[in-house]
Amino acid sequence: MILSVKDLSVSFRTETGLVRVLDDVSFDVAEGELLGIVGESGSGKTMTVLAVMGLITDPNAVIKGSILYRGRELVGMKGREMRKLRGREIAMIFQDPMTALTPVYTIGWQIAEQILTHQKVSKAQAWHRAIELLAEVGIPKPEEAVHRYPHQLSGGMRQRAVIAMALTCNPALLVADEPTTALDVTVQAQILDLLRKLQETHGSAIIFITHDLGVMAELADRIMVMYAGRVVERATRDALFADPQHPYTVALLNSIPPLEGPRPHRLQTIAGSPPSLLNLPQGCAFGPRCPRRFDACAAKPALTLPPHETACFLTGAPMPAVTE
Amino acid sequence: MQPVTVSRGPWATAFHRLGRDRTALVALAVFLLIVIACLSSPVYAWWAGVDPFKSTLDAVVTIDGVKQPVMELPTTGLALGYTPIGPTWRLGNYFLGADNQGRDVMARLLYGGMNSIVIAGAATAFTLIFATFFGLLAGFFGGIVDIVISRILDVLWAFPVYLLAISLSIVLMTQGISIGPFAIDSGSLLLPIFIIGVIYIPYVARPVRGQVMSLRQSDFVMAAIGLGAPSGRIMVKDILPNVSTTLIVFIPIMMALNMLTESALSFLSIGVQPPAASWGTIIQDGQTLLYTRPWVALAPGFMIVISVLSLNVFGDGLRDALDPRSKIKLGRG
Amino acid sequence: MIYAILQRLAQMIFVMFGISVLVFLIFFGTPGVDPAARIAGRNASPEVLQAVRVSFGFDQPFYVQYLTMMKKIFISGDLTSFVNRGWKVVPAVLDTIPVTLSLVLGAAVLWVVFSLIIGVTAAAFRDRWIDKTLMIIGLIGVSMPVYWLGEVMNLITQSRFHDTWLFSWVPPLGYKNLSDDPKGWFLTLVIPWITLSILYIGLYGRVLRASITEALQEDYIRTARAKGLSETRILLRHALRTSLIAFVTLFGLDFGALVGGSALLTEVVFGLQGVGKLTFDALQNLDLPVIMTTVLYASFFVVLANAVVDVVYILLDPRVRTS
């Protein structure tokens, strides 16, 4: 296991009390595997990976639990040590390529900066490597592109540059937070192809966050579904698509318009909206919107056992041992 | 079903946020205290039995039962004329001493403060009204209207602010203006109000214009135009309320700026004219006495610093309460 | 590219023209005031008044008057003061420029260095006590009338503590030429430098702190952190560098205004015969030719500074350059 997260909880101290954003999240990522994390905005998917990267800078954050990277505990790790890991062994790319790069430096400079921070090489070598990487991610004329400023590149090119930057030190784990959401569909396909190719050549594990299940169908080895800061289902890709068990996952899949068959009169939606984290419902967080809700759902379900884990009493999930 | 939370309106939210900002409230209280003290200047003068505007070179003051002339002959060095009495630190009794003309500095301080505050406030109102007017016109209509107004504002603003004020002041101060039936005497306070009000119009008009321009592109305004509403109505009912937060935040900022400008002009003898006083003129009075009776110059300066500081602190708090993400620049001298 | 430069030049000339017209109108066109009486100054005899009228052509239509005035200032350079008889104005103004320049340059060095230190430190430790303290100090700096601060400085250095080792080196008020007496030049300017810079240190420190703090919320900073860069590097190389754009443009405008004579209050209080002091003296004497010239000079500098700032902005912010 390259990454082992156990009972990760993240809360924030606010004027109105402690707001819990992540609730006992646990998962593992194997070496070279691609784990997809799926969920709506506010489900906690971004917060999970920010916690892994140690990028939660809010002084009012309270982080509990354990994150083991190749056996090393990341929760509570000293800043200086974390910085050695970040960018070198664990890299992250973010959602919006338009604002991800510093506007006043060329992309070559920014990529070289990362290389020089983590590796003892000369400036010339760093620039050379930057050109190589840009070529690898499919940017045409990389020797020229290296001298361009971020605003001179299109969205798709910028995201490729960002990916190139993330790969500079051959990270063992790459975290991608909705990397294609801000791009249009054709570009999206290219970026996904790129990521898959890179995964093969570099052998990195990837955590891929998205709200779009369709994207996961192609790429993921395993998929984890999150809702309101909790993990609600986790299975291999095939198992999840073939036999979704949690009502939320079912509803998500149903809301994708079908390619074949009769055209539906209306697009299927999930009634209601995600709960405010300040005001979580008692018991199962999805309860108020669940069409199959019954009495037991007043208690918080725990995950069933692997390989196909679900947090739903319908599938025989155990009652929690400890009440909140 | 989840309960629907009713949120407070933006004004109420801002009000509450401001209410929790202790520093801003303290600053506001300090400023209001100063205003009240200055407003009570006639009371103080009456109680102390002094006329702060009359030259009283032969006044006599009683301290601890001993009578002392207010203007004393120096006992050391060359007998080069009279030196006014220094601070007695007794309220109502030449608390801060006397100036070159035997007048009670404390009483003049309070009267002067009233003038400084009134001028700053009135000039602020003047600036905001006209800046909003021009900003609305330029931002809403665009085209030639915008070009003309913006060019005029550019030229106006190209003058270093103080130099423009100085130019206008000397011209108007020497003889006042008479346009048709309106005649403003050169000693009137309206002149500094007008001058200070005018020179800062570009400073406020530019951000207002910018905001109006972007509001003009917003959906609700486009809808109103599409519905055929008259321009004037749109400007007043749709755009103006949205600009009002910017304007409100400008109030303490402009007041602070104006106090500094007015005091500088008065110091240079082209602001408030004698026999009226303002904090700036008193500092000017105190120049010749600086090394012997420094309090005449120090006291009004401290009053200015405290007033401007409290206005700035309150202005910060107000801006944070109304829009924590706003980018309004702080005032400067 | 050439077109853009020409356009800019045209705009500058337009503004200058506008300013000269405005100056002219203020001094010659304000209703209800007699320009001849004002130019001759107070207590002028009827013969002088008539001479003034003829010389300036007040019997001529306005545009002729305007052109005459412009000619006297720019072309023939023989605009003379009517208070100090026969004293040529334009050379007099030029003589005062080095003084103002010395004052403003020294103050500028001080204020840039210190505001950078204060702004960066406050942003680095934002919301801690050091940040709040620095910001309060800055706010106080901005709230003090600069001439009053100068008076207080004089009170302390020239009078009250003049005999102590702290300030005994402070020479009497006045300016010493750099070429004649470099040490004197330096000593006379130290206190004025400090006085003038305090206001700007306060202002720029606060602006920089706000600007850096805002930059730190941007996405690219998050990327920089994800790259594993140290907080110091992020602060200085990424956040500060982006904030410098606004800082430098502001600086250019203020510097231009100061060289143009906005430092007049400081010059007056410290007895430095710079452009500002010249303006002030002329003011007291109602010496209008001098005032007109200095105001025009000042406005020119502001316009020039604006143009320079625009150029620098393009150099600093690659987003503004066309690719």
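## Basis

The model is predicted, so local features need pLDDT of at least 70 and side-chain atom pairs count only at pLDDT 80 or more, while totals for chains, interfaces and linings use all residues. Residues are numbered from 1 along each chain as its sequence is written, chains are lettered from A and ligands numbered from 1 in the order in which they are written, and side-chain values use heavy atoms, with hydrogens and water left out.

## Nonpolar cores

A nonpolar core is here a set of buried Ala, Val, Leu, Ile, Met, Phe, Trp, Tyr and Cys residues joined through side-chain atoms within 4.5 Å. Buried stands for under 20% relative accessible area, exposed for over 50%, and partly exposed for values in between (1.4 Å probe, protein chains only). The largest such core has 171 residues, and those with the most contacts inside it are B:Y200, B:V204, B:I239, C:I19, C:Y147 and C:I212. Helix α10 of chain B (residues 231-267) supplies the largest share of this core, 15 residues. Helices (H or I, at least four residues) and strands (E, at least two) are DSSP runs, numbered from the N terminus.

Leaving aside residues up to four places away in sequence, B:I239 touches B:L136, B:F140, B:V212, B:L215, B:V221 and B:I234; contact requires heavy atoms within 4.5 Å. Another core, of 58 residues, lies apart from the largest one and includes A:I139, A:A166, A:L167 and A:A251. In soluble globular proteins, nonpolar side chains tend to be buried together.

## Helix α5 of chain B

Helix α5 of chain B (residues 143-158) has 16 residues, which at 1.5 Å a residue should span 22 Å; the end C-alpha atoms are 22 Å apart, in agreement. The expected span is 1.5 Å times one less than the number of residues. Buried residues of α5(B) are B:D146, B:I149, B:S150, B:L153, B:V155, B:L156 and B:A158.

## Interface of chains C and A

In this interface, 22 residues of chain C are in contact with 26 residues of chain A. The buried area is about 2,300 Å², and carbon and sulfur atoms give 59% of it. Buried area is the accessible area (1.4 Å probe) that two parts lose on being put together, summed over both. On the side of chain C, the residues that lose the most area to chain A are C:A226, C:K227 and C:P318, together 26% of what that side buries.

The rule finds two salt bridges across this interface, a salt bridge being a side-chain nitrogen of Lys or Arg within 4 Å of a carboxyl oxygen of Asp or Glu. The side chains of C:K227 and A:E113 meet in a salt bridge at 3.1 Å, N to O. There are also 13 residue pairs in polar contact across the interface of chain C and chain A, both residues at pLDDT 80 or more. A polar contact is a pair of N or O atoms within 3.5 Å; within protein, one must be able to donate a hydrogen and the other to accept it, and residues adjacent in sequence count only if both atoms are side-chain atoms. Helices α9 (219-226) and α10 (231-262) of chain C each supply at least two residues of the side of chain C that touches chain A. The largest share of that side, seven residues, comes from α10(C).

## Salt bridges

Over all chains, the structure holds 28 salt bridges. The side chains of A:R70 and A:E89 form one at 3.8 Å, N to O. A:R70 lies in the loop between β4 (61-69) and β5 (72-73) of chain A and A:E89 in the loop between α2 (79-85) and β6 (90-93), so the pair ties together parts that are 19 residues apart in sequence. A:R70 is partly exposed at 43% relative accessible area, and A:E89 is partly exposed at 24%.

A salt bridge between C:R206 and B:D316 has an N to O distance of 2.7 Å. This pair crosses between chains, from helix α8 of chain C (residues 182-215) to helix α12 of chain B (residues 295-322). Both C:R206 and B:D316 are buried. A network of salt bridges links B:D316, B:R319, B:D320 and C:R206.

## Positive phi

Most residues other than glycine have a negative phi. A:D24, not a glycine, has a positive phi of about 50°; A:D24 lies in strand β2 (residues 17-29) of chain A and is partly exposed, at 39% relative accessible area. A:E178, also not a glycine, has a positive phi of about 45°. A:E178 is placed in the loop between β7 (173-177) and α7 (185-202) of chain A and is buried, at 8%.
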